[in-house]
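Dear colleague,

I am passing on the structure we talked about, and below it I have written down what was found in it. Please keep the picture open while you read, so that you can look up each residue as it comes.

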Amino acid sequence: MVALSRGVGISFRWIHLRAISNHHCVNRGFQNQQAEILSQALNQILSGLKQSLSQKMITKDQQEQLILKLNSDITSLRKDMLILEKSEFDALKNENVDEITKVNANFSLDVSMERSRQKEAAADQDQKIRTVNTKIETEV
């Protein structure tokens, strides 16, 4: 990514920075004193820019290591999500099983209570029929 060119400047794929000499400025129409001040100012700016860019850049090896680490983190996160998803599914499944068990128990209780009511109603009907039969036999 970074290529140094004989101490004169630093070159990136997208930008080339080189030191500016008095000679460049004089050739462009500046007087010697102006050229010297301008070249010093521009070189200071370029130097600061080079340092800033150099500090923010990483090597290809560092980039590859970062990519490997990120891929590892993503894989780990996916595993954690699958585990969480499975545990949530199991919790929901257990919750549903508990709910079904409660509903079945309530249904069985309701059926038993209805049978008891039916037996009582049948027993009451039998008693009424016996009472009516007894009245009929006594009157006849």
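Let me begin with a pair of charged residues: the side chains of Lys-69 and Asp-73 meet in a salt bridge, with 3.1 Å from N to O. Both residues belong to helix H3, where they stand four residues apart, about one turn of the helix. Asp-73 has a relative accessibility of 38% and therefore counts as partly exposed, since that class lies between 20% and 50%. Please bear in mind throughout that this is a predicted model.

Lys-86 counts as exposed, because its relative accessibility is 52% and the class begins over 50%, whereas Asp-90, with a relative accessible area of 29%, is partly exposed.

Glu-114 forms a salt bridge with Arg-117, and here the closest N and O atoms are 2.8 Å apart. Glu-114 and Arg-117 are three residues apart in helix H3, which means that about one helical turn lies between them. Glu-114 is partly exposed at 35% relative accessibility, and Arg-117 is partly exposed at 46%.

Ile-58, Leu-66 and Leu-70 make a nonpolar surface patch of about 250 Å². One of these residues, Leu-66, lies in helix H3, which covers residues 60-139.

Is Ser-39 buried or exposed? This residue, Ser-39, is placed in helix H2, which runs over residues 32-56, and it counts as buried because its relative accessibility is 3%, where buried means under 20%. A polar atom of the Ser-39 side chain lies 3.0 Å from the backbone oxygen of Glu-36.

Turning to the protein chain as a whole, you will find three helices and three strands, and along the sequence they follow the pattern β-β-β-α-α-α. Of the 140 residues in the chain, 7% count as buried. The chain exposes about 12500 Å², and 56% of this area is supplied by carbon and sulfur atoms. If you consider the contacts between residues at least 6 apart in sequence, 39% of them join residues that are at least 24 apart.

Finally, a word on confidence, which I would ask you to read with care. The mean pLDDT of the protein chain is 82, and 86% of its residues reach 70 or more. Which of the elements has the lowest mean pLDDT, and which the highest? Strand E1, made of residues 3-5, has the lowest mean at 37, while H3 has the highest at 92. Over residues 1-11 the pLDDT stays under 50, and for this stretch the model has 26 contacts beyond four places in sequence.

With best wishes for your reading

Technical notes. Residues are numbered from 1 along each chain as its sequence is written. This is a predicted model: local features need pLDDT of at least 70, side-chain atom pairs count only at pLDDT 80 or more; totals for chains, interfaces and linings use all residues. Side-chain values use heavy atoms; hydrogens and water are left out. Patches are made of residues with over 30% relative accessible area and no salt bridge: like charges are joined within 9 Å, nonpolar side chains (Val, Leu, Ile, Met, Phe, Trp, Tyr) within 5 Å. Accessible areas come from the Shrake-Rupley method with a 1.4 Å probe; for residues, only the protein chains shown count as cover. A salt bridge is a side-chain nitrogen of Lys or Arg within 4 Å of a carboxyl oxygen of Asp or Glu. Helices (H or I, at least four residues) and strands (E, at least two) are DSSP runs, numbered from the N terminus. pLDDT is the predictor's confidence in each residue, from 0 to 100. Contact means heavy atoms within 4.5 Å. Buried means under 20% relative accessible area, exposed over 50%, partly exposed in between (1.4 Å probe, protein chains only). A polar contact is a pair of N or O atoms within 3.5 Å; within protein, one must be able to donate a hydrogen and the other to accept it, and residues adjacent in sequence count only if both atoms are side-chain atoms.
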